[in-house]
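Please examine the structure shown below and follow the explanation one contact at a time.

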Amino acid sequence: MSFSSEEPIHLNIAAYLREQAIRHPYQRAVVYPSMRNNRGQVAYTHYTFRQLDQESDRLAAGLEHIGIGKGVRTVVMVRPSLDFFALTFALFKAGAIPVMVDPGMGLKRLIRCLEESHPTGFIGIPKAHVLRFIFPAFFRTIKHTVTVGRRWFWGGQTLQELMSTPWRSYNIVKTSPDDTAAILFTTGSTGPAKGVMYTHAIFEAQIEAIRSVFNIEPGEVDLPTFPLFALFAPALGMTAVIPDMDPTRPAFVNPKRISEAIVNHGVTNMFASPALLHRVGSFWNETNVKFSSIKRVVSAGAPVSPENIEQFSSLLNAPAQIYTPYGATEAMPVTSIGSKEIIADTKALSIKGFGNCVGYPLPGIKLKLITITDDSIQEWSEDLLVPDGDIGEIVVQGRNVTRHYFNRPDDDRLSKIIDGDQFWHRMGDLGWRDKTGRIWFCGRKNHRIITEKGTLFTIPCEAIFNQHPHVFRSALVGVGTSPDQTPVICIEPVHDEKTPPLHQFHKELIQLAQDQSHTREINTVLFHKQFPVDIRHNSKIFREELAVWASKKLKGGASTYNKKSL
């Protein structure tokens with residue numbers, strides 16, 4: 001018997017916070033808008049890196065004491081706040097596994113996600129705990145609970161009780177790079193929401209990729225309008241300013257509150273979904289407002305139109321850019337491109353229906369395009385590849401690519417391709433590679449329309465209709481079964497007094513379709529008052545729901561431009 005002299009490798013993502021607390025103890029780590037006075041002026045509270053490190057130390061010790069320690073899956077249902085940051089880093093320090101779901105994804109989906117994750121711990125605001133009592137069968141695995149706020153008629157601990165003990169330095173639990181660090185659920189925009197298993201190594205790879213790709217430096221100020229992205233800021237040495245907004249409704253954010261946060265804190269980095277980007281950009285576009293402190297805006301979660309990018313770019317100083325990285329919960333970021341290249345080069349092609357250019361694969365990312373199929377692929381073969389210029393399914397390999405879903409072996413088989421001791425992740429997205437190596441996104445695989453004459457792809461087709469000045473957005477859906485689907489273009493109009501009569505509107509849209517070879521097969525137009533979209537970013541269109549709606553409309557014999565559609 002022989003023994004290795006090498007020490008085991010340990011990695012815990014919480015060590016990034018500890019490092020920042022040592023290097024920049026008095027820099028603000030998290031800033032929270034706590035209240036407003038009678039004139040509407042906002043007051044802020046904050047944690048420095050030293051304070052956040054110490055508060056998460058106290059919580060880690062308290063959580064471990066009540067049984068929420070290494071390997072314990074723990075649901076976290078807490079609003080963006082100082083407590084949210086302290087709790088999440090405390091769970092990492094204790095080696096527990098936070099389970100993150102979007103409260104706004106809808107009750108049925110949320111309950112399904114919580115039950116599927118088989119959690120033992122539960123940390124939430126009072127309303128979240130009430131949910132446990134309304135649906136007790138779905139929470140039968142819960143053994144340890146913490147209430148953030150007032151505890152009512154249930155037991156367990158409160159956050160205040162866990163934080164009542166004096167601070168003592170907490171030894172971060174030794175976890176390995178491949179230990180599960182968190183379970184993050186997808187939005188479920190193209191099927192059931194799935195729990196994606198993140199290891200400490202994957203989080204580390206993401207942090208390093210974000211730092212290098214966007215040239216982020218310690219001391220910057222971040223405005224993360226999506227809560228989970230906020231957690232990257234402290235690890236990168238940035239101050240995270242929590243925006244005064246409902247994170248489940250970014251499309252309806254108050255633009256003045258966003259600009260207020262930018263100006264008050266000199267924000268240098270901002271994450272914004274396409275819906276929020278449009279909301280803020282359109283509000284300030286006719287003014288002389290400039291967000292002069294911003295170095296970069298990162299927009300993701302759904303395709304970002306060139307028009308949206310151009311509109312918001314007018315609010316930034318010349319050196320600043322809007323970046324649109326491509327990725328998914330299972331693998332992010334994968335590619336990236338800046339607004340200067342989009343506006344100067346790729347916009348003209350996107351408008352013509354070539355797809356949305358998402359840029360070059362990032363360093364360390366291998367990206368290939370394979371023949372489109374809905375079947376599982378057991379083993380990698382170079383025969384799967386399509387030639388450059390042809391549309392195929394995007395597959396990726398890299399350190400920040402997740403390996404498994406939680407307890408979903410069938411989905412693992414459908415989404416992974418074994419390649420020796422490595423694997424390829426199937427993104428479920430379609431695209432093509434140009435001669436320079438850039439990737440052009442053409443839509444989700446599940447959303448392609450297969451007709452007797454060929455296959456239609458959503459993003460290239462929708463781009464044609466989106467050029468009409470009275471179209472807010474469009475969505476291509478298929479009615480019937482493949483390979484004999486009827487392509488239907490659903491239109492969400494711009495609602496203003498200038499919108500033409502629907503019969504004229506319909507005629508103009510059909511003419512647009514006939515002018516392009518790849519849309520000539522689209523002869524059916526339906527108008528919809530407001531598309532169903534995902535809760536996370538308010539940007540991904542639920543085309544499956546629209547397809548059902550369109551099918552009912554056509555079966556009912558309704559006019560495709562009847563005012564009842566609106």
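In this predicted model, a search of the whole structure finds 30 salt bridges. One of them joins the side chains of R257 and D244, with N and O 3.0 Å apart. This pair links distant parts of the chain, for R257 belongs to helix α10 (residues 255-265), whereas D244 lies in the loop between β11 (239-241) and α10, 13 residues apart. R257 is partly exposed, at a relative accessible area of 29%, and D244 is also partly exposed, at 28%.

A salt bridge is also formed by K368 and E382, whose closest N and O atoms are 3.6 Å apart. K368 is part of strand β18 (residues 366-370) and E382 part of the loop between β18 and β19 (392-397), so the contact ties together parts that are 14 residues apart in sequence. K368 has a relative accessible area of 24% and is therefore partly exposed; E382, at 49%, counts as partly exposed.

The side chains of D388 and R433 meet in a salt bridge as well, at 3.6 Å from N to O. Here D388 is in the loop between β18 and β19, while R433 is in strand β21 (residues 422-433), 45 residues apart. Are these two partners buried or exposed? D388 counts as exposed because its relative accessibility is 56%, and R433 counts as buried because its value is 17%. Elsewhere, salt bridges that share partners join R18, D53, D57 and K93 into one network.

A charged residue may also lack such a partner, as the next case shows. K416, in strand β20 (residues 416-419), is buried yet has no salt bridge. The nearest side chain of opposite charge, D412, is 5.8 Å away, and a salt bridge requires the atoms to be within 4 Å. The side chain of K416 does, however, reach the backbone oxygen of T402 at 2.7 Å.

Aromatic rings provide another kind of contact. The structure holds 22 aromatic pairs. In one of them, the rings of F229 and F232 have centres 6.3 Å apart and planes at 80 degrees, so the pair is edge-to-face. F232 is buried, because its relative accessibility is 12%. Ring pairs also link F89, F92, Y198 and F203 into a cluster. Charges can sit over rings too: R132 lies over the face of F122, 5.5 Å from the ring centre, and K194 lies over the face of Y405, also at 5.5 Å.

The 15 residues of α7 (residues 200-214) should span 21 Å at 1.5 Å a residue, and the end C-alpha atoms are 21 Å apart, which agrees. After α7 comes N215, with a positive phi near 55 degrees.

Key
Residues numbered from 1 in each chain as written. Predicted model: local features only at pLDDT ≥ 70, side-chain atom pairs only at ≥ 80, totals over all residues. Heavy atoms only, no water. Phe/Tyr/Trp six-rings, centres within 6.5 Å; stacked < 30°, edge-to-face > 60°. Buried < 20%, exposed > 50% of the residue type's maximum accessible area, 1.4 Å probe, protein only. Lys NZ or Arg CZ within 6 Å of the ring centre and 35° of its normal. Helix = DSSP H or I, 4+ residues; strand = E, 2+ residues; numbered from the N terminus. Expected span 1.5 Å × (residues − 1). Lys, Arg positive; Asp, Glu negative; His and termini not counted. Polar contact = N/O pair within 3.5 Å; in protein donor to acceptor, adjacent residues only side chain to side chain.
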